[in-house]
Amino acid sequence: MTANPNPEPLHGEVYRPAPHVVLSANVPDPEAVYAEAARDLEGYWARRASELEWFKPWDRVLDDSKKPFYQWFVGGKTNIVHNALDRHVRTWRRNKLALIWEGENGDLRTFSYHALSREVCKFSVVLRSMGVSKGDRVTIYMPRIPETWIAMLACAKIGAVHSVVYGGFSVEALHGRIEDSASKLIITADGGYMGGKVVELKQIVDEALKRTAVAENVIVVKRTGKPVNMEAGRDFWYHELINLPLTRNMGKCETEAMDAEDPLFILYTSGTTGKPKAVLHTHGGYQVGVYATLKDVFDLKEEDRWWCTADPGWITGHSYIVYGPLLNGATSFMYEGGPSYPFPDRWWSMIAKYGISVFYTTPTAIRGLMRFGEAWPNRHDLSSLRLLGSVGEPINPEAWRWFHKHIGKEQCPIMDTWWQTETGGFMITPMPAVPTKPGSAAKPYPGVAVDIVDEQGKPVKPGEEGFLVLKKPWPAMLRTIYKDPERYVQTYWSKYPGMYLAGDSARRDEDGYFWIIGRVDDVIKVSGYRLGTAELESAFVSHPAVAETAVIGLPHEVKGIAIHAYVILRAGYEPSEALAEELRKHVAHEMGPIAKPEKIEFVKSLPKTRSGKIMRRVLKARAQGLSEGDLSTLEE
């Protein structure tokens, strides 16, 4: 890849892929595919869907008669596990590695497609024997271990709906998600390793279940071997269940035939107000979307070893750790722990050790590892890498260039992807044959119609900032918010009827390249993870010392954005550094370490509108010494 400061016809700092990258790409002529999808959207997606197997073909590609409740591949019968495992096991891929896993403590496990399918079958039998059936919800609260994959796939295989909760979330976040989903079963572990410490997952589950009586049983994977409480009649060890005679001798478990629109999973994502939104995805459209996007954008080949560093508890993990790679018959690598434990070259050493060829991570991780300098990656042979990727938040150009130079050795195109929990898969992204610009997510994926509009919904001019909207449906889109269709319409489709509101601001340059600026609502992205101000403020107010609070996100050189809180204390409490630290620990306990505030400021009042809404933009401006703008709506 070579940088040209003034290429024609593109403007600015442009990196053009080498000829061999273009020639060998799965999509060597992106313009032709863009044109095909623009000319016949349904025909394009029908072609991509036909690359997978269906128990029964669809009658109709897209039904938009009840918009915005779009339906894809209507009448089709499928199951994502059939395409992720079953069809591969019938071919030579049965003996291909599906997963290579390394624990933070050095443990190593591998699974061929055959072995992974066998484990999924065994656990499917366990789930059915515990009364879990089609449509039931199961909460999965796990570390990054192979059993997380097995649990997700076993749920999908029998038609149960999984709800994975990130293992970094703590009691209140877990409790709320269990209760909202009405999960019948919880799958967890005694703990997991992260940064040299044990995360006490089972203990958190026990505390969460004291607050709700919804779940009937808990299955516990033994990962650390540390003693945990096991409640008789409710809690069961995973290893004992899968080694029962009935399970152990079960070589095959039928995959449930699902309607294309049957639910596959719900995943909670923070919103502007109230509780997190339970985003619902389905078997048919979701599998087509994640299969196609991963194949095209990261150019997966049979010989590749793919590593996405996310956690299965986020949408990136669902789409591009578990389902997308398996749908493509790829070999994935997964690592349990943190990127700099015990030394800042842990990731680079594993890339060299396992021959990773395609590597997908976050700007936060890149910035964090940049701090240690290039000597650490230079200790290792990273020549196996051919493609790099970025996800979770806009990547600043400085981090992009460091990633390109010191990790990709100026040979690896960087796929900077913009998408959301709600979209299911990549929406704005380059492909290997597309020239890239540091900090830009490039262009919409084929078939994705993106625009940037002003407050009135009119397109803005190139270079102007506006609201990012999606103007056409896409297969992997969310279908609704679980149990709350009105909130689905109100949140995504009410501001601009007929257009999906992404909640991000963006601009488009003169070449049609998109530059994502950030969230426009009350959602804070810390290290690429979305946290709602409503959830965070509720965690603060649950402490007896706090009367009211306002939470904002401010720039941070490593995290991208860090949490700053303004707290009004109840009568009888006095501000102190000790109390601030107590509140930081309290919020981390309630929400998880990711939510721990960077700074807490005790105040007497908060800027509010006359209707009582906290003006967080005013707090942001004050904190950064910027103009506070129009204050005419302030209470005083």
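The structure is a predicted model, in which local features need pLDDT of at least 70 and side-chain atom pairs count only at pLDDT 80 or more, while totals for chains, interfaces and linings use all residues. Residues are numbered from 1 along each chain as its sequence is written, and side-chain values use heavy atoms, with hydrogens and water left out. Helices (H or I, at least four residues) and strands (E, at least two) are DSSP runs, numbered from the N terminus.

**Confidence**
- The protein chain has an average pLDDT (the predictor's confidence in each residue, from 0 to 100) of 92, and 95% of the residues score at least 70.
- Over residues 3-7 the pLDDT stays under 50, and the model has 11 contacts (heavy atoms within 4.5 Å) beyond four places in sequence for these residues.

**Helices α11 and α12**
- Helix α11 (residues 283-297) packs against helix α12 (residues 315-327) at about 85 degrees, with the axes 9 Å apart.
- Axes are lines fitted to C-alpha atoms, for helices over the stretch in contact, and angles run from 0 to 180 degrees between N-to-C directions.
- The two helices α11 and α12 are therefore roughly perpendicular (65 to 115 degrees; under 35 is roughly parallel, over 145 roughly antiparallel, and the rest oblique).
- On the α11 side the contact is made by Tyr286, Gln287, Val290, Tyr291, Thr293 and Leu294; α12 contributes His318, Ser319, Tyr320, Tyr323, Gly324, Pro325 and Leu327.

**Three-stranded sheet**
- An open sheet with mixed pairing has the strand order β30-β31-β32; two strands pair if DSSP finds at least two bridges between them.
- β30 (546-556) and β32 (599-602) are at the edges with a single partner strand each, so one side of each has no neighbour in the sheet.
- From one strand to the next, the twist averages 25 degrees.
- β30 and β31 (residues 560-569) run antiparallel and are joined by 10 bridges; Val551 stands opposite Ala565 in β31.
- Helix α19 (residues 577-591) packs on this sheet and touches β30, β31 and β32, its direction making about 130 degrees with that of β32.

**Seven-stranded sheet**
- Seven strands form an open sheet of mixed pairing in the order β7-β6-β19-β18-β20-β21-β22.
- β7 (108-112) and β22 (414-416) are the edge strands, each pairing on one side only.
- The strand-to-strand twist averages 15 degrees.
- Five bridges pair β6 (residues 97-102) with β7 in the antiparallel sense, and Leu99 stands opposite Phe111 in β7.
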